[in-house]
Amino acid sequence: MNLSEVHTGHAHQFEDIEQQHEAGTLGMWAFLATEIMFFGGLFAAYTIYRTAYLPAFETGSRLLDLRLGAFNTVVLIGSSLTMALAVRAAQTGERNKLATYIVLTMILGAAFLGVKAFEYEHKWDHSLIPGLKFAPEGEDLLQITRWHAGIPQVQLFFCFYFFMTGMHALHMIIGLGLLAVLLVRSLRGNFSTHYYSPVEVNGLYWHFVDIVWIFLFPLLYLIGGRY
Amino acid sequence: MHYPRIESHVHYLNVNYGIRSWLFTTDHKRIGLLYLASVTFMFLVGGLAAVLMRLQLVEPQGTLLEPDTFNKMFSTHGIVMIFFFLIPAIPAVLGNFLVPMMIGARDLAFPRINLLSWYVYLVGAILTLIAILNGGVDTGWTFYTPYSSTYSNSNVLLVGIAAFITGFSSILTGLNFIVTIHKMRAPGLTWSRLPLFIWAHYATSLIMLLGTPVLAITLVLLALERILHAGIFDPKLGGDPLLFQHLFWFYSHPAVYIMILPAMGVVSELITCFSRKRIFGYKVVAFSSLAIAVLGFLVWGHHMFVTGQSVYAGLIFSALSFLVAIPSAIKVFNWTATLYKGSISHDAPMLYALGFIGLFTMGGLTGLFLASLATDVHLNGTYFIVAHFHYIMVGGTIMAYLGGIHFWWPKISGRLYPDKWARFAALVIFIGFNLTFFPQFLLGYLGMPRRYAFYPQEFQVLNVLSSAGASVLGVGYAIPLIYLIWSLRYGPPAGPNPWGAKGLEWQTPSPPPTENFEETPIVTEEAYAYASEDHELV
């Protein structure tokens, strides 16, 4: 969408701005269906192996830092709130509020990634990186032997931990990029009460990435607590 | 005879010139032609690999290729033909050109995403070509673990990444079609008036959107396992290599329907036009496309009957696979019923369509052998399978693709091609195809395994027949390439509707203007209203 299109109303292939808005929204929903299938492959594989190697997965879960995971969950839900408020501000045409909420969302998103990076580093220090450096020792090793989990299967759990949270973090990074573009456009005054669908469509994406985490958090962090 | 350049009106080809006007175009028609050029090139690359294989197999102890090279040839052939030709061929070329025109829209919903999809395809294709030139890949197009993840020394990573990337071009195309068909139909064009080409592309788009991402994540997992030397398919960690096959076929079986559904859409257009009849049972044909798309997601396990999958799973997958035969047969019967008492003309596109029906039926029926648990044990991994899927994918998809290219070429280029040559080529391709692949059914039944560079002496006659057929087929493919290019300059002007066909795309000049229609058309009748004139006479 370039500027001239914004000022004349809608892109040439559409009949009116409403059709354009509907197409954009449907397009994002269709894309999210693709995303669900993309993550779905991972979730299906996770389910199969968790069923097969429950003790190892539970032990792996206990080796994660529950407090950091919970903190990040709160951060991300907060970012969904600010994103929703940004969409509302766009609809009512409050430009300053819109920019503020986008910035807030970006700060919370970046905070999430910062905590995630800290967690990854922690796992590196504890030699819990599948393939590259996997040799649990000390307290970690004690946990694994206490729960009679096989070390290879715990490594399998960490494959899932890194692949799933890594894929999620990648989506967060893409989301931050999209928000940066949105911020520039909102500062330029591109959006109005008549034209705000990019804000809404980006919002859909952001909420989706958030919801993926809402599933990841219990499946990865909370399954070790039943003993 | 030399006809003058078509200068009479401003259309999408002469509206502006130069390489930039093509590389930065957002016109769905130009993007369709960009795809046409790229898939044709990739077809030649994949074809070359096939030529080398068939030459090797002329002799039982062929000396043309080392066994390792032979492995790379069938892998290259499969990867290039499937990911870079068969999957994009009809949707990205004909679909791109026709979906907006058939529904009376000025363009697809997201023209720039459409252009992006072509660049994504291009990146995938270039990476694949680099991998091929850099030593190739030897896993087969299926990338089965643990060979692909652990043991193969070839360019698995690069080709995997290329297939991953190309998948997104497919996803973007499907997404664009779905939104366009939902939101941009001309006034009066209700769902029950849509051409069956559109229904078929809608069903195809659903598979692209919901199936391709599963392949994408599977390839990511494979790539990570290759890089990290640990991953979820790794038996050393308790991982299951068979899980890769499940995930792979969850996409790759529906991918067969990505190839054949658009072909069925093309055939519905051709059969109605050249028999001057309404389609027999419009609604059933339309919904059978959706039924195939849905059922296609439930049958992946029939690729794994002999892998150690549970017998009960095998039983269910077998039964579900038989179910796919129902909507497929509905289509074949309804096309045949459409022909009944039609005023049939045998123009080149119609010959391709009739060829399609015959070859697709053969391919479909032999699929039932493979869906049966007991016979599959004997036939799995033999040339019977090779013959079966070539009847569907080559005999089906390529026949329909060529039929469609011949049908809409006057619209695309504004020129007519020499009809006699076109009919001759259709005949040569049909004969060459059967000569190439029918012997392979026999070879497979007799027990010749696929993917081997050598074979016992007793199989030579059938192999020589097959290789001979391949050369006939090659000639058949070369002829249209020559006269279609020739027609661009020397063909007589086609006029808006050379076939007297129904459908919105024929109500606008050939070649169409950039925005397709002078003003948005209003639809007042159902699709294929061919018989309406006759009814008026009665």
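Reply: Let's start with the cover over α5(A): the elements over its buried residues include α4 (66–92), α7 and α8 (197–221) of chain A. Keep in mind that this is a predicted model. The buried residues themselves are Leu98(A), Tyr101(A), Ile102(A), Thr105(A), Gly109(A) and Phe112(A). The helix they sit in covers residues 95–125, which is 31 residues. From first C-alpha to last, α5(A) reaches 45 Å, close to the 45 Å expected at 1.5 Å a residue. Just past its end, Ser127(A) has a positive phi of about 55°.

Now step out to the place where the two chains meet. Chain A puts 31 residues into the contact and chain B puts in 32. On chain A's side, the elements that supply two or more residues are α2 (17–52) and α7 (151–187). Of these, α2(A) gives the most, with 17 residues. Sort chain A's side by type and you get 19 nonpolar residues, eleven polar and one charged. As for the predictor's own scores, the complex gets an ipTM of 0.93 and a pTM of 0.95.

Mean pLDDT for chain B is 95, and 97% of its residues reach 70 or more.

So what's inside? The largest nonpolar core has 226 residues, and Ala263(B) and Val267(B) have the most contacts within it. Helix α3 (residues 67–102) of chain B gives this core the most, 22 residues. Setting aside its neighbours within four places in sequence, Val267(B) is in contact with Trp335(B), Ala353(B), Phe356(B) and Ala400(B).

Helix α3 of chain B also holds Met81(B). With 24 other C-beta atoms within 10 Å, and a cut-off of 20 or more, Met81(B) counts as buried. Not counting residues up to four places away in sequence, it touches Gly46(B) and Leu86(B). Met81(B) and Val45(B) are 36 residues apart in sequence but 8.5 Å apart in space, C-alpha to C-alpha.

Most residues other than glycine have a negative phi, and most peptide bonds are trans. Arg276(B) has a positive phi of about 55°, and its place is the loop between α8 (241–275) and α9 (282–296) of chain B. Tyr528(B) has one of about 60°, in the loop between α15 and α16 of chain B. Arg276(B) is partly exposed, with 18 other C-beta atoms within 10 Å, whereas Tyr528(B) is buried, with 24. The loop between α15 (460–490) and α16 (532–537) of chain B also contains Pro511(B), joined to Ser510(B) by a cis peptide bond with omega about -15°. Another cis bond joins Thr145(B) and Pro146(B), with omega about 0°.

How values were computed. Residues are numbered from 1 along each chain as its sequence is written. Chains are lettered from A and ligands numbered from 1 in the order in which they are written. This is a predicted model: local features need pLDDT of at least 70, side-chain atom pairs count only at pLDDT 80 or more; totals for chains, interfaces and linings use all residues. Two residues are in contact if their C-beta atoms, placed from the backbone, lie within 7 Å. Helices (H or I, at least four residues) and strands (E, at least two) are DSSP runs, numbered from the N terminus. Ala, Val, Leu, Ile, Met, Phe, Trp, Tyr, Cys and Pro count as nonpolar, Asp, Glu, Lys and Arg as charged, and the others, Gly among them, as polar. A nonpolar core is a set of buried Ala, Val, Leu, Ile, Met, Phe, Trp, Tyr and Cys residues joined through C-beta atoms within 7 Å. A residue is buried if 20 or more other C-beta atoms lie within 10 Å of its own, exposed if 12 or fewer, and partly exposed in between; C-beta atoms are placed from the backbone. The expected span of a helix is 1.5 Å times one less than its number of residues. pLDDT is the predictor's confidence in each residue, from 0 to 100.
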